[in-house]
Amino acid sequence: MAAQTRTILLPKTAHARLQYGASQLATALRAAGYQVQIQQVDKLPKAKGLIVVGRATDALVQQAATAFRTTAEKATGKEGFVLSSAKDDNLLINGADNSGALYGCMELAEQVKAKGKINENIHLADQPEMVLRGTCIGVQKPYYLPGRTVYEYPYTPETFPWFYDKALWVKYLDMMVDNRYNSLYLWNGHPFASLVRLKDYPFAVEVDDATFKKNEEMYRFLTEEADKRGIWVIQMFYNIIVSKPFAEHYNIKTQDRARPIVPLIADYTRKSIAAFVEKYPHVGLMVALGEAMEGTGQDDVDWFTKTIIPGVQDGLKALGQTEQPPIVLRAHDTDAPRVIAAASPLYKNLYTEAKFNGEALTTYTPRGSWAELHRKLSSMNSVHIENVHILANLEPFRYGSADFIQKSVQAMHNTYGANGLHLYPESSYWDWPYSADNVPGRQLQVDRDWLWYAEWARYAWRANRPRPAEVAYWSQKLAAQFGCDPAAGQQILTAYEEAGEIEPKLLRRYGITDGNRQTLTLGMLMNQLIDPKRYGLFTLLYESESPEGEMIIEYAEKEAKGEKHVGETPPQVANEVVAHGKAAIAAIEKAAPSIKKNQTEFARVKNDMYCQDALANFYAEKARAALQVLRYKYSHNVQDLTAAVPLLQSSVAHWQKLVDLTKDSYLYANSMQTAQRKIPMRGVDGTYKTWAEMLPVYQKELADFQHNIDSLKNTKTNVATRKTEVLRNAPVVLLNKKPKPLWVALGQPAFADTTAQITAFAPELAGLEGVLFSKAQQVAQGTEIRFSTKKPVQVLVGFFNQKSPRYLPVPTLEIDASANDYGQAESRILNALSIPGLPPVNVHAYSFKAGTHTLNLARGACMILGFVDATQPVPTYNAGLGSAVAPGREIDWLFE
């Protein structure tokens, strides 16, 4: 039989999106055996086999609607389309706008690929639910560049060779349009100095002339190719960061959280934004007010309304353009409702964005204060976008639970009231474009994680799809991917969905934080399970990003007191994750004999199921051991500790299995390989990033535990006493103007301008000599210490344990990426000083090498307690002073 002929007709002035959609449709039709031509015309010819593509307002579409006896007005809302069959094999693709017409072409092309022909009598109307459906790429690295700090990565071929790979961009953009994504976010700390030149600050450019030209060419290429596919490019940046050459020219830091807004930096930033908008008027901007800028006060409002928005307006004025490019305000570490309220009268095209489950995926039942913030932002005069961020608990293993993802998107609508999605890569965000898999030549994330992108996109388009049909849909997709029948495809889906419950449940019941300072798949130390507050417990994880339930320490205390348990419990999760792991392995093994295609990738999927099973058993046994250890805390019975030993031994044995499963299959567990990462171990210079590196840590932990139990059995008392070693003053030269000494001694003043006195202190601090500051000055201007030292030292800083603008906020990596630059994030001595009328004081240690240093601390009262030699360890414990809560019975020593 002769091939059928189809003519795709576009309006004479068709947008590039219509031309792209028509080309995709033509490709699908030709593959199905049709002869196809594409024409751009003003008038509809009288012919058979026409496929008319356009917008409802196009004259050609209106002519076709009349001739084909369909109704042009039936086109749906933004990005919507209607497919209508007519007699003589004619068909109308009627888009509400250019993107709608594009998606109509893509829909018909998909039908042709699935059926091998154009279906008869097509009448379909469709449109997306979410206004913005976007993915992001980090123009960042797993490590810091020499002489730079977090987020500071100029766009250069040496650092980001993939950025200049046009074929890779086309591949990625094709994936996006295939999944109907309409926004692409590029994340970078300060991209402007790689993309624009400023007349007033010519020295601020961070790249050479040849690279600058390449950057211009690539940015033009990227934005044009994205626009063809209905994708809006959004450039993200942090505040307040300046370029390295700019900082060196003015002898300032590139970023300093404690730095107030100064006219020089405001002028530079405003002019950078103006130049960017003038050069790239169709690129959106995403602003992260937090992290590199202190706090959530008036500075945030002023920076957004007096620097950012005026910069955009200056760029538009220079262009003579009135159409406002969208600005997305990231809610991270800022009072976003307050900022939006102040900005709305000045600028209309505003969006807000906030993290769905922090920097992880933990629940589809968000609640509490975090849910309230999302609802508040959703109720304001802007579209609120949900950010699925970092996924620090999932990486590096594959994730593809359609059930969990669908329920998460439903929660975005129903619980948060949001109407946008901003999706991070499933893993290896910092190592784009590669995955962590140990594959010759590396494996691209866009290939490996096709299912991740497809599942989120499907539910961002429409969330409420009946579950049985979804099981069938994804089973068919997986069957096509691996060359098996739908029954085997369903087994693969079952494996993904069973495994997809493991990491979310583990983190939400046992974790320290929802942030990327914890890598869940590298495990946790026993002390992190039995004493999480010591490690900077981020309570929002439990209060908002988990279903109602109990932490390990809460469960143990209730058990000891005979109280009733509430919600999801640690033993329940231990049992459940083991069952999920077992079911995932059973399902993937059932599918294995049927695999005929992509067999090496299937083997990796299968290995991931075994990895997650081993991880589940490691945590389950360790959590059970932790509960036994905490029982001893209340019973003082060594037998409770003895009962924990076989559980901990089993946990280590499961870890050995995980080491064996990953040693040849993965290059690393996490792509953040800097000092920001702390749980289970601090990641310095790319260390503790593999399971093999963690094995000796867990083996030593077990050996120490067994040794300490033996010591307990051989003593008359079961209570161990902590040895006290007084910290010694290290010789430093203070460079502050006329510094006043602060002595840690009874009756000594806490501040230069108050009557507050020290009435009790931890014995280790006795006799330390620090620096006395004016409390009022600290609250108004912050604290600066300048000093020189011939040996490495630790500066001991006392933080008042109460959240208030009056007190220096504690270093928190969840909101401040620089919060552990000096190793200061972890509290050392809790409740270390008692000062009547003030909250208890927690001691943190800042480490410095030999040399001359300046430590700038943000606004708020604190105490500079002294300088200690870096070789003398500062103990970690709760001294229980100045607090209504008595010091807990210390059991951390059992594992040290």
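Which residues does Asp227 touch, not counting residues up to four places away in sequence? The legends below start there; the model is predicted.

**View 1. Asp227 and its contacts in the predicted model.** Asp227 touches His15 and Arg17, with residues up to four places away in sequence left out of the count. Asp227 belongs to helix H6, which covers residues 209-228. Its relative accessibility is 29%, so Asp227 counts as partly exposed. Lys87 lies 140 residues from Asp227 along the chain. The C-alpha atoms of Asp227 and Lys87 are separated by 34 Å.

**View 2. Helix H1 packed with helix H3.** H1 spans residues 16-31 and H3 spans residues 98-115. Their axes are 8 Å apart and meet at an angle of about 5°. Angles under 35 degrees count as roughly parallel, and H1 and H3 are therefore roughly parallel to each other. On the H1 side, the contact includes Arg17, Leu18, Tyr20 and Leu29. On the H3 side, Asn98, Leu102, Met106 and Lys113 are among the residues involved. The residues of this contact of H1 with H3 divide into 13 nonpolar, four polar and two charged.

**View 3. Pro547 in a loop between two helices.** The loop runs between helix H19 (540-543) and helix H20 (552-561). Pro547 has a relative accessible area of 18%. Buried means under 20%, so Pro547 is buried. Pro547 touches Thr363, Thr365, Arg367, Arg508, Arg509 and Glu568, not counting residues up to four places away in sequence. Gly567 is 20 residues from Pro547 in sequence. In space, Pro547 and Gly567 are 7.5 Å apart, C-alpha to C-alpha.

Methods. Residues numbered from 1 in each chain as written. Predicted model: local features only at pLDDT ≥ 70, side-chain atom pairs only at ≥ 80, totals over all residues. Heavy atoms only, no water. Helix = DSSP H or I, 4+ residues; strand = E, 2+ residues; numbered from the N terminus. Buried < 20%, exposed > 50% of the residue type's maximum accessible area, 1.4 Å probe, protein only. Contact = heavy atoms within 4.5 Å. Axes fitted to C-alpha atoms, helices over the stretch in contact; angles between N-to-C directions. Parallel < 35°, antiparallel > 145°, perpendicular 65-115°, else oblique. Nonpolar A, V, L, I, M, F, W, Y, C, P; charged D, E, K, R; others polar.
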